[in-house]
Amino acid sequence: MAGPSTDPRAPAAGTAVPKRRGTEAALLGFAVLITVVAQSIVDLTITGSLRPEMAAFSAWITALWVVAHLAVRKWAPYADPLLLPAVALLVGLGLTVIHRLDLASEQVDSTVTREDAPVQLVWATLGVALFVGVLVIVRDHRTLSRYAYTLALIGMALLALPALLPSSLSEVNGAKIWIRVAGFSIQPGEFAKICLVVFFAAYLVDKRDVLALASRKVAGLELPRGRDLGPVLLAWVLSILVLVFERDLGSSLLLFGIFLVMLYVATERSSWLLIGVGLFAVGALVAYQLFGHVQQRVDTWLDPFAYRDGAGYQLVQSLFGLGTGGLFGAGLGGGRPDQVPVAKSDFIAAAVGEELGLFGLVAVIVLYLVLVERGLRTSLIVRDAFGKLLAAGLAFAVAWQVFVVLGGVTGLLPLTGLTTPFLAYGGSSLVANFVLVALLVRISDAARRPATPHATPPPRLGEAPTEVVQQ
Amino acid sequence: MNAPLRRVAISVLVLFTLLIVNVNYIQVVRAEKLRNDRGNTRVLAEEYDRERGSIVVAGKEIALSVPTDDRLTYLRQYPDGELYAGVTGYYSVVYGNAGLERAENDLLAGSDPRLVFRRLADLFTGRDPAGGNVELTLDPAVQQAAMSGLEGVTGAVVALDPSTGAILGMASTPSYDPNQLSSHDPQAIRAYWDQLSAADRDPRLNRAISDNFPPGSLFKVIVSAAALEDGYTPETVIPAPQELPLPNSSRVIPNFNGSACSSSGEQSLIDALTISCNTAFAQLGMDLGEDRVREMAEAFGMDGETFDIPLQVEGSSIGEVEDEAALAQTSIGQRDVRMTPLQAALIAATVANDGVQMRPYLVDQVQAPDLTVIDSTQPEEWRDAVSADVANQLTEMMKSVVDNGSGRAARIPGVEVAGKTGTAQVSADVPDHTWFMGFAPADDPKIAVAVFVANGGGTGGERSAPIARQVMEAYLDGQGEG
């Protein structure tokens, strides 16, 4: 049903398609304006005057998005016009909140000046550079499928590296997910995520016919053949290994969830989802029984106030911040978001909720929703199966991560320790997510570009066909 | 693949809706509860943003807020630290407020209704809302004398102006440094708190008002008052045997050191009080009966009720009196009789003020941030304990105690002093509590004082009377007397 020629959304060849670059530019301008105004409000509220670097910051942030926009104009002119502005606004807001928390920590102890916002700006700059780099190098997203197994290998290696390194180089706050070299901390899992999504997409396009074969029907569900359970079991085992050896609940949940949804999209078999959820339930139960840190996470999630001075402290402080923020928030610089430990990274949403209130936090959630739904829309309208799966995987990765993180920070789910994409302090996460959104921009360019029939030969993964007409 | 894709898109929408609903629940439904949770320091932090008012003694700030450049804008400081700790209390980010910092918090924090119209004005003029000041009745010389008198012992001193009820001095030892509980360093605060908690005798307890103790022979003044009201005179001769057998018991009440009060086995009421004869007062109490003794104790304020000065004062009472034997012990201030040092000072002050008890108060006036007075305390007659006649007779008897009896250590050259000593047994293996209450000058009382020393051993005359003398002298010197 999803054959390229039957997709009503695919523009017919020769029709003039609006590129919408003007819309993108205007929205980017709006994002820059909000960023600069918000930064000024923080300075004026906390220190009473604009910092001397304000002009340089404004110029820098403007330059960043001008460069990104020009790159899109040149190398992905048909790209979705909402993706980049949504990212720009999230990054700008993140920089503002991080700067605001910088000022708070300076107030607490004036001898320690922790300037994290400038560092984050450097990471954002590197992110935009990589964004442009991806657009320049990856001219057609389908070429990526050729490197699927290489990327899988790199992804696995990145994922496994912290577990293999000695704890002194890889462990921070109990999670063994870092590589710390020469003063830099890299979270390779963020990059592994992208590599693995690319691999999943290529692999599933390759194997989806086989995986979609049903052996028998049970209660209206078409169950897959037993011997086809291999891949999903492998993904499951991989997630469990991450959980066991890196004590990283978040990445484990993230990877398995992404794989499951991509498997479902590729095969259109909801039985895979049920099998996956069943495996997850088994894994979760066993993990809860075996690992103290998982038990602790769950216990503090169920009743954080019972552990308010211990394991639940962070979550309780986060809830206090959100509650105190109320509908409208304390205003930028008006609250005490620094009372929440690691507010800049894991709990940045709590800071947003405290100072910008319910309205601000919901706006951020909706902004993510825009980003994700535009990604999924790209997946709907792109013509090739690999692009569809890749876009769906990348978009869902953002959605799933946002849901798990914000759910954790607001007490809806147990805390997992994932970062809030684009918003939170952390170079690896920011740079990796720029690569992710560059891929989405690349695919959306292909999706909205008027079709030029047989311009490129169908890409191949091994000898398998990448596009299969559905039964 | 588009059908499952659409389902995924809808699922994402559902997940994000869950997030939004949950955030609504937290930030709207639960907001009030989260905002006011005891663990939420944000409201406190907001409080620290305002300049809190000062607590002032004789024009000098004993608690004040100074601006800092850290996260909490104002730091609370107590320049005299331990000297006024029992009065000021502390203002802690970790442990909340105590003392006047708590009792007068609304005014100091600026949220008192009496400040509202000024606050409204602040709103329009854009000034930071600031708290009001509290000016106390304390006299620095009295406070200093009390603290130095108590140096090295556990105890308390309360001094009152008998004619107004104004509290001139209120000291409790061991004391503590409120600065260390009011810093902005939670770790240091906790460490100091633990240190105080581990102390043998808790320095945070204001022994002048927050705890009550057996008063021993101080209570004989109450029994004397009951007798005088009942028609006795100071010259009335009452039985004073060497030992008093307790009714329905094999036990006896002895005199101090087992000595006889008089060779004849009886003596006048004034002599019995002067030498603090146990057997005489135990018998007198039984002769008067429980009702008379209890009524007189309550007339002086020993009704078991707490009251505010505005610090809360623990109640004083004679407790349950089960039988005659208990009444005999009660009449010499043992058994279940309990008295706060403030109550002792109040009894002395009542005798000094012709039997009229003035309501004790610590706050002289409260001021707006611009130092205009917005309220001041008017002295208030609280209880009519005894007639002026009885009060005068009690004064004569208490003068005799200091002139000729157990209270000689309280004598001040050139000044007539009236008083009563007390030595209370706690238990066999613990040194006695010692007391002195009195006032001076006896003919025109300016100051009434009570001195309590916990488990110091010795007698009230030896341990407590000299401290009382120092305190009274310090005040009278300052008043140009003595």
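Q: Which strands of chain B does helix H16 lie across?
A: This is a predicted model, and in it helix H16 (residues 341–352) of chain B runs at about 150° to S21(B). Strand S20 (433–440) is one of the strands that H16 lies across.

Q: At what angle to S21(B) does helix H19 of chain B run?
A: Helix H19 covers residues 465–478 of chain B. H19 lies across S7, S8, S19, S20 and S21 of chain B. Its angle to S21(B) is about 150°.

Q: In what order do the five strands of the open sheet in chain B come?
A: Let's start from the edges: strand S8 (167–173) and strand S19 (418–424) of chain B each have a single partner strand, so one side of each has no neighbour in the sheet. The pairing is antiparallel, and neighbouring strands are turned by 5° against each other on average, direction ignored. Written out, the order is S8-S7-S21-S20-S19.

Q: Which residue is the bridge partner of Ala159(B) in S21(B)?
A: Strand S7 (residues 155–160) and strand S21 (residues 447–453) of chain B run antiparallel. Six bridges join the two. In S21(B), Ala159(B) is partnered by Val449(B).

Q: Which residue in S17(B) stands opposite Gln367(B)?
A: Gln367(B) sits in S16(B), where it stands opposite Asn133(B). Four bridges join strand S6 (residues 133–136) of chain B to strand S16 (residues 363–367) of chain B, antiparallel. Another three bridges join S16(B) to strand S17 (residues 373–376) of chain B, also antiparallel. In S17(B), the residue opposite Gln367(B) is Val373(B).

Q: Which residue in the turn of the S16(B) and S17(B) hairpin has a positive phi?
A: The hairpin has five residues between S16(B) and S17(B). One residue in that turn has a phi of about 75°. That residue is Leu371(B).

Q: Are H11(B) and H14(B) roughly parallel or roughly perpendicular to each other?
A: Helix H11 (residues 220–229) and helix H14 (residues 290–299) of chain B pack at about 110°, with axes 9 Å apart. H11(B) passes H14(B) in a right-handed crossing. Since angles of 65 to 115 degrees fall in one class, H11(B) and H14(B) are roughly perpendicular.

Q: How many nonpolar residues are there in the contact of H11(B) with H14(B)?
A: From H11(B) come Ile222(B), Val223(B), Ala225(B), Ala226(B) and Glu229(B), and they meet Arg292(B), Val293(B), Met296(B) and Ala297(B) in H14(B). Two residues of this contact are charged and no residues are polar. The nonpolar count is seven.

Q: How many residues in the contact of H11(B) with H17(B) are charged?
A: H11(B) and helix H17 (residues 388–404) of chain B pack at about 135°, axes 10 Å apart, which makes them oblique. Val221(B), Ser224(B), Ala225(B), Leu228(B) and Glu229(B) in H11(B) meet residues including Val390(B), Gln393(B) and Met398(B) in H17(B). By class, the contact has seven nonpolar and two polar residues, and the charged number is one.

Q: Which helix of chain A gives the largest share of the side that touches chain B?
A: In this interface, 45 residues of chain A are in contact with 32 residues of chain B. Helices H3, H9, H12, H13 and H14 of chain A each supply at least two residues of that side. The largest share is twelve residues, and it comes from H13(A).

How values were computed
Residues numbered from 1 in each chain as written. Chains lettered and ligands numbered in written order. Predicted model: local features only at pLDDT ≥ 70, side-chain atom pairs only at ≥ 80, totals over all residues. Contact = placed C-beta atoms within 7 Å. Axes fitted to C-alpha atoms, helices over the stretch in contact; angles between N-to-C directions. Parallel < 35°, antiparallel > 145°, perpendicular 65-115°, else oblique. Left-handed = near helix turned anticlockwise from the far one by under 90°. Nonpolar A, V, L, I, M, F, W, Y, C, P; charged D, E, K, R; others polar. Pairing = 2+ DSSP bridges.
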